[in-house]
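Hi,

Here is the structure I promised to pass on to you. Have a look at it first, and my notes follow below.

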Amino acid sequence: QLSVTKHPITGKFIPFAGGNTRIRILKELFAETGDIKYKNLDVVVMPFTDHLSLLINHFAENELRGDVSFWEKAKGIQMVKSEMQAEQDDRFVTAVDVQKVAKAKGLDFSQRILRLYFFATEKLAPIGPWLEYKSTKDLLSPTWGELETICKLSGIDYSDLFAAMQNCLQVTANELEAQAQRTGNANADADEKTVKLDIPQLITDMKGVAATLLKVDTPILEELLTITSMEKGM
């Protein structure tokens, strides 16, 4: 059974703790069959609390489903962080802050996974729908961090690195979307099983971006990366 709440500004009823998928399925069934039983729905009306609680309730519902993609989870957590940021005015919201609020609502996240979600949404957004947890954690995040460190120590402004990386990621996203079009499905989320992100190629492209900014050949950059990964304090 679906629980809903009345939005204080729009006056419309919205899902209280998830349910968008169920609503979509009911709409599709009604459009397909015309059966009135799919048009009307008995719901439980819950009192409106606040936007942050709604976001966390939706996230908790998705967690219970167990079939939500890494990217959808990352976007959900980013929305929670953004809502908290809006309430905090000028104080920066950290992973620790989000962890505390989520835990109070019954969601137990490690700071490590929260930081990974933030990394994905804040730095890898163009290719978000094709991201997977393991490759993001083990390959993309460490590579970005090491390239960022090298560029910072070499005097490269972070905004220049970020802009160049975003352009690189957008090119990759465009290629993936084109592949999805060729397979007959332009929806990246729905087509994730047939269109895969080439992680080794993307890492090669990211290194190429950094090498161009640093004005060094790729072999030199690889040596710098080796030093950075082995000697953290050097």
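**What I found**

Along its sequence the protein chain runs β-β-α-β-α-α-α-α-α-α-α-α, which comes to nine helices and three strands. Helices here are DSSP runs of H or I with at least four residues, strands are runs of E with at least two, and both are numbered from the N terminus.

A word on conventions: this is a predicted model, with local features needing pLDDT of at least 70, side-chain atom pairs counting only at pLDDT 80 or more, and totals for chains, interfaces and linings using all residues. Residues are numbered from 1 along each chain as its sequence is written, and side-chain values use heavy atoms, with hydrogens and water left out.

**Overall numbers**

Of the 234 residues, 35% count as buried (under 20% relative accessible area; exposed is over 50% and partly exposed is in between, with a 1.4 Å probe and protein chains only). The chain exposes about 14000 Å², and carbon and sulfur atoms supply 54% of that area (Shrake-Rupley method, 1.4 Å probe; for residues, only the protein chains shown count as cover). Among contacts (heavy atoms within 4.5 Å) between residues at least 6 apart in sequence, 62% join residues at least 24 apart.

**The core**

The largest nonpolar core has 45 residues; such a core is a set of buried Ala, Val, Leu, Ile, Met, Phe, Trp, Tyr and Cys residues joined through side-chain atoms within 4.5 Å. Elements giving two or more residues to this core include α5 (111-123), α6 (133-153) and α8 (199-214), and α8 gives the most, with eight residues.

Leu124 is among the residues with the most contacts inside the core. Leaving aside neighbours within four places in sequence, Leu124 is in contact with Phe119, Leu131, Thr136, Leu140, Trp144 and Leu169. Thr136 lies in helix α6 and counts as buried because its relative accessibility is 0%. Beyond four places in sequence, the residues that Thr136 touches include Phe70, Leu116 and Phe119.

Leu116 and Phe119 are among the buried residues of α5. The 13 residues of α5 should span 18 Å at 1.5 Å a residue, and its end C-alpha atoms are 18 Å apart, so the two agree (the expected span is 1.5 Å times one less than the number of residues).

Leu41 sits in the loop between α1 (20-33) and β3 (43-46). At 43% relative accessibility, Leu41 counts as partly exposed.

Happy browsing!
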